[in-house]
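Here is a short report on how one protein chain is put together. Keep the structure in view as you read.

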Amino acid sequence: MRTPRDDFDTAWKEMVQRYFRDFVAFFFPAAHQDIDWQRGVEFLDKELQQAVRVAGRGRRTVDVLAKVWTQAGEETWVLVHVEVQSQVDKGFAQRMYVCNSVLSARHKRAIASFGILGALNRNWLPCSNSHELW
């Protein structure tokens with residue numbers, strides 16, 4: 001049975017995919033300038049779902065994984081992971097880090113993880129994930 005949350009997630013995913021170039025230009029202008037848009041964009045839903053399962057996150061339909069090429073002129077490609085988060089979630093940065101690590105290890109490529117925060121709490125702005133011992 002579909003829930004209102006499923007419909008919300010599906011709408012975000014469709015919007016990000018349909019307007020991906022404009023989405024990147026608006027939210028991440030430096031990345032937009034470095035992408036070779038002439039080479040196109042390939043969405044990798046299957047690879048993302050496999051990585052999400054390995055990362056222990058379960059099924060998340062908001063996530064979008066797109067393969068793009070940089071302006072470097074060589075056969076280099078970057079996977080861009082986009083996650084839209086609309087609630088305060090203390091595990092958000094770690095969850096993005098784990099998914100990034102799984103994708104990077106699996107594909108032997110650089111992974112750019114972009115997070116869109118829609119939470120109303122201005123005091124909650126996760127910007128990194130780190131771990132220290134001693």
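In this predicted model, four strands form an open sheet in the order S1-S2-S3-S4. The pairing is mixed. Strand S1 (42-43) and strand S4 (111-117) stand at the edges. Each has a single partner strand, so one side of each has no neighbour in the sheet.

S2 spans residues 64-69, and S3 spans residues 77-85. These two strands are antiparallel and share six bridges. S3 and S4, by contrast, run parallel and are joined by seven bridges. The chain passes from S3 through H5 to S4, and this β-α-β crossover is right-handed. The table lists some bridge partners.

| Residue | Bridge partner | Strand of the partner |
|---|---|---|
| Leu65 | His81 | S3 |
| Lys67 | Leu79 | S3 |
| Val84 | Ile116 | S4 |

Helix H5 covers residues 92-107. It lies across S2, S3 and S4 and runs at about 155° to S3.

How many residues of S3 are buried? Nine of its nine residues are, so the count follows from the cut-off of under 20% relative accessible area. Both faces of S3 are covered. One side carries Trp77, Leu79, His81, Glu83 and Gln85.

Now to the nonpolar cores. The largest has 16 residues. Phe20, Phe23, Val24, Phe28, Val68 and Val80 touch the most other members. Helix H2 (20-27), S2, S3 and S4 each supply at least two residues of this core. Which element gives the most? S3 does, with four residues.

Phe28 touches Phe23, Phe114, Gly115 and Ile116, leaving aside residues up to four places away in sequence. Another core lies apart from the largest one.

Finally, take the whole protein. It has five helices and four strands. From the N terminus on, the elements run α-α-α-β-α-β-β-α-β. Of its 134 residues, 39% count as buried. The protein exposes about 8700 Å², and carbon and sulfur atoms supply 51% of that area. Consider the contacts with a separation of 6 or more: residues 24 or more positions apart account for 60% of them.

Key. Residues are numbered from 1 along each chain as its sequence is written. This is a predicted model: local features need pLDDT of at least 70, side-chain atom pairs count only at pLDDT 80 or more; totals for chains, interfaces and linings use all residues. Side-chain values use heavy atoms; hydrogens and water are left out. Two strands pair if DSSP finds at least two bridges between them. Contact means heavy atoms within 4.5 Å. Axes are lines fitted to C-alpha atoms, for helices over the stretch in contact, and angles run from 0 to 180 degrees between N-to-C directions. A nonpolar core is a set of buried Ala, Val, Leu, Ile, Met, Phe, Trp, Tyr and Cys residues joined through side-chain atoms within 4.5 Å. Buried means under 20% relative accessible area, exposed over 50%, partly exposed in between (1.4 Å probe, protein chains only). Accessible areas come from the Shrake-Rupley method with a 1.4 Å probe; for residues, only the protein chains shown count as cover. A crossover is right-handed if, with the strands pointing away from the viewer, the path from the first strand over the helix to the second runs clockwise.
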